[in-house]
Amino acid sequence: MSRLVAGGTVVTATKTFQSDILIEEGRIVGIGENIDRKSSQEIVDATGCYVMPGAIDVHTHLNLNLGEEKVSDGFYHGSVAAAHGGTTSIVEHPGFGPAHCALNHQMDLYRDQAKDEMVVDYGFHGVVQHVDEHVLSAIKGLTATGISSLKVYLTYGGRLGDEDIIKVMKATHAAGGLTAFHAENHAIIGELTQEIRDKGDITDPANHPRSRPDYSEAEAVNRLIALSRAAGNAPIYIVHLSTASGLEIIKEARRNGFQIHVETCPQYLTLTESCYQEADNKRLQYIMSPPLRTQKDCDALWEGLADGSIDVVATDHCSFSFAQKLKNGKTDIFKAPGGIPGVETRVPLLFSEGVLKNRIDLNRFVQLVATNPATIMGLAPQKGSIDIGSDADLMIFDPEIEKIISTQVLHQHVDYTPFAGMRVKGWPKTVLLRGEVLVCDGKLSATKGFGRFINRRKNKYLVKV
Ligand SMILES: [Zn+2]
């Protein structure tokens, strides 16, 4: 069936204009004012709304299973929440697999678990947890099967050392892929955590940010830039950047021409470490890594979004429940499972806190939530833009809808939201994926399993803002 999205204001990464959009067989086939209406068409009324590319969240953990603890949502509920928040594609970070497993082990497992569940389109980052000849030679094959980015951790059990990082950077670069990094210094975190343990002070969540200070992130970022240089200037991507000091190093590196892409998340823009000082056990809700930082860090990240030194806003959605955090973390904060939910609130929060507060403009907003993640992570030109031939993934965004964020108004399958009580103005009214309506006026019409695996292409470096 053909659909006509009529009467809206189209907003892309570079332009804002009045236009209708004609959709046939899931793709955009016409863009222009007053496109002829035919009786066979279904009209989607976008009057008074912005028509933007469907948003893309390239950092989710919808399906994380740590054995004893599993996240609350899973692929179905997580993707339903994403759709309600305007997100039409995600790229999931798989958890670590069994020790010494093959490189494709987790991606094969996740593909199998996602295929009948997802309501939005999806891809996976590869995860490298050890390095040997088999892993290095498998990187090329993985990129060729539509998984064109790999995740490497500098902390946690599956972390890599510097020699292995250089090898992975080189192999991934040679295959046309992109290596993404969780940048925190493991030794610093280990030492400071032990000091806190030795003092017996393990029930106070305020010690969480003390165990992972800003210089731990800045050191890791600085080292990664040097390692990328040694790896023949392999392009790198820093996930969930949280600090002003890390950003300063990145700005300098970008001025010197290094290919370093940067992502931050709404929590690092809108919440501060004062959350760990709250009076009751709610403080445990904010256990995430990296931790929340200072207002100065938030301000620097907003500046980075505006001046082009940060490219992407993703979520790191990881919905361990408050109940799980309490159970494991009440007597030892370092045992609370880390991570927060956010896949549904990313777009409205960035609009309210960014666009309405004049920190970023509408086109920059589209770049950050859709076009840049699509370009950097190889979903473009199929996703992330409004162009003839692109998938008709559209977010029809009503700037007048007001909500106060709470678990009651959200569809995330988890017992809390760290953004509870925040007032937002502007919410996706209708969300289309490949021309089909996923959500309209808060009602889901997507069917389980409608989401498709995205065969991602090679990474492209962004044009400067
Ligand atoms: Zn993550």
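Is Asp 316 buried or exposed? With a relative accessibility of 11%, Asp 316 counts as buried. The legends below describe close-up views of a predicted model.

**View 1. The zinc ion and its protein donors.** Three residues supply the donor atoms: His 59 and His 61, each through NE2, and Asp 316 through OD. These atoms lie 2.0 to 2.1 Å from the zinc ion. Along the chain, the donors follow the spacing H-x1-H-x254-D. His 59 belongs to strand β6 (residues 55-60), whereas Asp 316 is in the loop between β14 (312-313) and α11 (322-329), so the pair ties together parts that are 257 residues apart in sequence. His 59 counts as buried because its relative accessibility is 0%, against a cut-off of under 20%.

View 2. The Asp 20 side chain is buried yet has no salt bridge. Arg 37, the nearest side chain of opposite charge, is 5.0 Å away, while a salt bridge requires a separation within 4 Å. A polar atom of the Asp 20 side chain lies 2.9 Å from the backbone nitrogen of Gly 7. Beyond its neighbours within four places in sequence, Asp 20 is in contact with several residues, including Leu 4, Val 5, Ala 6, Gly 30, Ile 31 and Glu 33.

**View 3. The contact between domain 1 and domain 2.** Domain 1 comprises two segments, 3-52 and 387-444, and domain 2 covers 54-376. The C-alpha centres of domain 1 and domain 2 are 27 Å apart. Contacts between them involve 40 residues of domain 1 and 49 residues of domain 2.

Conventions
Residues numbered from 1 in each chain as written. Predicted model: local features only at pLDDT ≥ 70, side-chain atom pairs only at ≥ 80, totals over all residues. Heavy atoms only, no water. Donors = N, O, S within 2.8 Å, 3.2 Å for Na, K, Ca; no water. Helix = DSSP H or I, 4+ residues; strand = E, 2+ residues; numbered from the N terminus. Buried < 20%, exposed > 50% of the residue type's maximum accessible area, 1.4 Å probe, protein only. Lys, Arg positive; Asp, Glu negative; His and termini not counted. Polar contact = N/O pair within 3.5 Å; in protein donor to acceptor, adjacent residues only side chain to side chain. Contact = heavy atoms within 4.5 Å. Domains from an automatic or database assignment.
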